[in-house]
Amino acid sequence: MKIIAADVLVTSPGRNFVTLRLTTEDGVTGLGDGTLNGRELAVESYLRHHVAPLLIGRDAGRIEDTWQYLYRGAYWRRGPVTMAAVAAVDTALWDIKAKTAGMPLYQLLGGASRSGALAYGHASGRDVPEILDSVRAHLERGYRAVRIQSGIPGLDSVYGVDGAPGEAPAPVGGHPRPFEEVWDTPAYLRHMPGVFEAVRAEFGPALPLLHDGHHRMTPIQAARLGKDLEPYDLFWLEDVTPAEDPTALRLVRQHTTTPLAIGEVFNSLHDYGPLLGERLIDYVRSAVTHVGGVTAMRKLLDLAAVYGVKSGIHGPADISPVGMAAAIHLDLAVHNFGIQEYAPHSARTLEVFRPSYRFTGGLLHPSDEPGLGVEFDEEVAARFPYEPAYLPVNRLGDGTVHDW
Ligand code: GCO
Ligand code: MG
């Protein structure tokens, strides 16, 4: 079954998404997500100029071969742009294969290992009362696990806290340059234990609570935070140190029993090398969209399983519904599932992408539609052209650019 068309579709129904649509000679279409927040047009160009022409005439059934052809054939392997492009192709090919088989993708991955995938939502607030309200609102929407991000006294805005620029939904047509936030790690370290104490006091010991450090700490600072949060029994502490130095987690691990998660900015299985082998983490955080697609994610999760490490697939609103659907199929199928991040998309985004996955009783299910189970409406998408938008930049009080 030959591929006869490879269309790269960029749309911004509230934030930018890059979608690849492959069509076979039999008229079967497959969708893949290649969205790279703030650098979308680099992936679009890579796909349009360097990948799409190579796909025409190839056999859509040869998924592994196409993955290797694009990865090894480029010579310049890895990197977020390349791997998002490879992910888009790979995911679209899995969509085609599953549609052709007349099965939901999770069946091709081995079938369901559970009835649904536990999802966590993003609770946040500028202060403790706002956070408690946000947790309550999430529980009312059905969540059974929540990430807690908090405003910090003395700081005007903090990424991940509702109302702060850059978090879902990203500003449309917003900033011609990235918004700049001021950051203060000592103030953050002083403040966070009290926040978790208040949340535990209100919601009891059983609710899974997560927190994202967004790469802002040194190893010794992260070790201290992990220790200070131990009494509040976190499900995980995410991205505590800069991601390009995985061995930084050695020191953190020596000091704390708080479970650690990392990987949303990784783009290769190789980035996990020492983390798995030395048992420095508990959860892998890659997105299907950024690690190289369903093929690469399956390999990563199987490798992680060897070390008893579980999945925590990245699922913020900048992963399109296509990337989310791929994640949920994997969540249902793999044995070492941990949790799935789920930040629902805006109503406008759901006019363009029509996913069939469902969120009920705190669990995500991919549905039994053949393939990924997502439709893309090109006419609606055309109403929302690309809008320049960036992630924010972090600076310390004296102006020094800081990890973010
Ligand atoms: C998360 C994240 C995101 C990222 C975003 C960047 O854990 O969900 O840290 O909010 O910052 O995906 O584009
Ligand atoms: Mg994160």
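Good morning. Helix α3 is mostly covered, with 18 of its 22 residues buried. Please keep in mind throughout that this is a predicted model.

Let me stay with α3 for a moment. From its first C-alpha to its last, α3 reaches 31 Å, close to the 32 Å expected at 1.5 Å a residue. The helix is followed by glycine 102, whose phi is positive, near 70°.

Which helix does α3 meet? Two packed helices are described by the angle between their axes and the distance between the axes. Here, the axes of α2, residues 63-73, and α3, residues 80-101, come within 10 Å and cross at roughly 170°. Angles over 145 degrees count as roughly antiparallel, and therefore α2 is roughly antiparallel to α3. On the α2 side, the contact is made by Ile63, Thr66, Trp67, Leu70 and Tyr71. They meet Val86, Val89, Asp90, Leu93, Trp94 and Lys97 in α3. By class, this contact has 8 nonpolar, 1 polar and 2 charged residues.

I turn now to the ligand. Which residues surround ligand 1? They are Asn37, Asp212, His214, Glu264, Pro316, Asp318, Glu341 and Leu391. Sorted by class, the shell has 2 nonpolar, 2 polar and 4 charged residues.

Histidine 214 lies in the loop between β7, residues 209-212, and α7, residues 219-229. Most residues other than glycine have a negative phi. Histidine 214, although not a glycine, has a positive phi of about 50°.

Aspartate 239 is another residue other than glycine with a positive phi, near 45°. Its place is in the loop between β8, residues 236-238, and α8. Aspartate 239 is buried, because 23 other C-beta atoms lie within 10 Å.

Threonine 256 has 20 other C-beta atoms within 10 Å, so it is buried. What does threonine 256 contact, leaving aside its neighbours within four places in sequence? The contacts are with Ala223, Gly226, Lys227 and Glu230. Alanine 223 is 33 residues from threonine 256 along the chain, yet their C-alpha atoms are separated by 6.3 Å.

Thank you for your attention.

Key
Residues numbered from 1 in each chain as written. Chains lettered and ligands numbered in written order. Predicted model: local features only at pLDDT ≥ 70, side-chain atom pairs only at ≥ 80, totals over all residues. Axes fitted to C-alpha atoms, helices over the stretch in contact; angles between N-to-C directions. Helix = DSSP H or I, 4+ residues; strand = E, 2+ residues; numbered from the N terminus. Parallel < 35°, antiparallel > 145°, perpendicular 65-115°, else oblique. Contact = placed C-beta atoms within 7 Å. Nonpolar A, V, L, I, M, F, W, Y, C, P; charged D, E, K, R; others polar. Near = placed C-beta within 6 Å. Expected span 1.5 Å × (residues − 1). Buried ≥ 20, exposed ≤ 12 C-beta atoms within 10 Å, placed from the backbone.
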